[in-house]
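Notebook open, structure on screen. I'm jotting down what I looked up, one entry at a time.

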Amino acid sequence: MDLGIRGKRALVCASSKGLGLGCAEALAEAGVDLLMNARGSEALEASAQDLRDRFGVRVETLACDVTDEGARAELIDRAKGVDILVTNAGGPPPGVWSDWDRADFIKALDANMLTPIALMKALLPAMMEAGWGRVVNITSQSVKAPIAALGLSNSARAGLTGYVAGTARQVAGQGVVINNLLPGIHATDRAVSLDTGVAQAQGISMDEARAQRAATIPAGRYGTRQEFGATCAFLCSQHAGFIIGQNILLDGGATNMTL
């Protein structure tokens, strides 16, 4: 399927690896030029060069922490005029309710709620003026069904979801489409981190921890970044103009709910 976005330009955050890279790959394959961001410059440059070589698109990079106000301002300046924004940030660490204090919540909110909001506020006006734009926020399946050990993520991502629910409906009339992607477990570094915690807590091997988690997923496996990226690219396409303010689960059926 031709996604109809060849020649568009996208900012994809946290895109040196994992789900962000999956989104950048799929957009590059569709002919979209990229501005890729991540904290680590070495992995970022390697991923960017791979996309240039494979897809022949223009790929710019900026290695920085977007939760830093100065770095975010630089990224926004570089991203002026983008047609597509994909927000993404690693989730805060797991724990239990008694582990977290105010500083922990502020850090989580800054990374997983306030930074995506700041990027949208900065970049949406130009999209609205142009009459076309796409925003995809990578959140979490915990927005639909909270995960007890991820209370910080539950809180911050739910806040972002509420903001998007209202904002998406305010800008849709100007041709700007905003949706959220809610990943379950995918074969990324985040899964390795979570499985390591399970293995250590239960005194089992990593293979056993992975098998244990995979058994809770009806699909019987972890998702791939390629599957995730393809869904992101569709939501950024010309075909997604009537999908407004939705929260789309990619979790292999793990979230047990009717709606």
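**Ala214**

I started with Ala214, which sits in helix H7 (residues 206-214). For the labels, helices (H or I, at least four residues) and strands (E, at least two) are DSSP runs, numbered from the N terminus. Before going on, I noted that this is a predicted model, where local features need pLDDT of at least 70, side-chain atom pairs count only at pLDDT 80 or more, and totals for chains, interfaces and linings use all residues. Residues are numbered from 1 along each chain as its sequence is written, and side-chain values use heavy atoms, with hydrogens and water left out.

Is Ala214 buried or exposed? Ala214 has a relative accessible area of 13%, so I put it down as buried. My cut-offs: buried is under 20% relative accessible area, exposed is over 50%, and partly exposed is in between (1.4 Å probe, protein chains only). Leaving aside neighbours within four places in sequence, Ala214 is in contact with Gly220, Arg221 and Tyr222; contact means heavy atoms within 4.5 Å. I also checked Ala214 against Gly252: they are 38 residues apart along the chain, and their C-alpha atoms are separated by 9.7 Å.

**Leu3**

Next I went to Leu3, in the segment before E1. Leu3 has 15% relative accessibility, so it counts as buried. What does Leu3 touch, leaving aside neighbours within four places in sequence? I found Ala30, Ala233, Phe234, Ser237, Gln238 and His239.

**Ala14**

I looked up Ala14 for its backbone: phi is positive, about 50°, and this is not a glycine. Ala14 is found in the loop between E1 and H1. Its relative accessible area is 26%, so I list Ala14 as partly exposed.

I then followed H1 to its helix contacts. The axes of H1 and H8 come within 7 Å and cross at roughly 55°. Axes here are lines fitted to C-alpha atoms, for helices over the stretch in contact, and angles run from 0 to 180 degrees between N-to-C directions. H1 and H8 are therefore oblique to each other. The angle classes are: under 35 degrees roughly parallel, over 145 roughly antiparallel, 65 to 115 roughly perpendicular, and the rest oblique.

From H1, Gly18, Leu19, Leu21, Gly22, Cys23, Glu25, Ala26 and Leu27 meet Arg225, Gln226, Phe228, Gly229, Ala230, Cys232 and Ala233 of H8. I sorted that contact into nine nonpolar, four polar and two charged residues. The classes: Ala, Val, Leu, Ile, Met, Phe, Trp, Tyr, Cys and Pro are nonpolar, Asp, Glu, Lys and Arg are charged, and the others, Gly among them, are polar.

How do H1 and H2 pack? The angle is about 25°, and the axes are 10 Å apart, so I call H1 and H2 roughly parallel. Leu21, Ala24, Glu25, Ala28 and Glu29 in H1 meet Ser47, Leu51, Arg54 and Phe55 in H2. That contact divides into five nonpolar, one polar and three charged residues.

**H4 with H5**

For helix H4 (residues 102-130) and helix H5 (residues 151-171), I noted axes that come within 8 Å and cross at roughly 15°. H4 and H5 are therefore roughly parallel too. Residues in the contact include Phe105, Leu109 and Met113 of H4 and Leu160, Tyr163 and Val164 of H5. By class, it has 15 nonpolar, four polar and three charged residues.

**Cores**

Last, the nonpolar cores, meaning sets of buried Ala, Val, Leu, Ile, Met, Phe, Trp, Tyr and Cys residues joined through side-chain atoms within 4.5 Å. The largest has 33 residues, and Ile5, Val12, Leu27, Leu34, Met36, Ile84 and Val86 touch the most other members. Elements that each supply at least two residues include strand E1 (9-12), helix H2 (41-55) and helix H8 (225-235). H1 gives the largest share, seven residues. I logged a second, separate core of 28 residues, which includes Ile76, Val82, Leu85 and Leu119.
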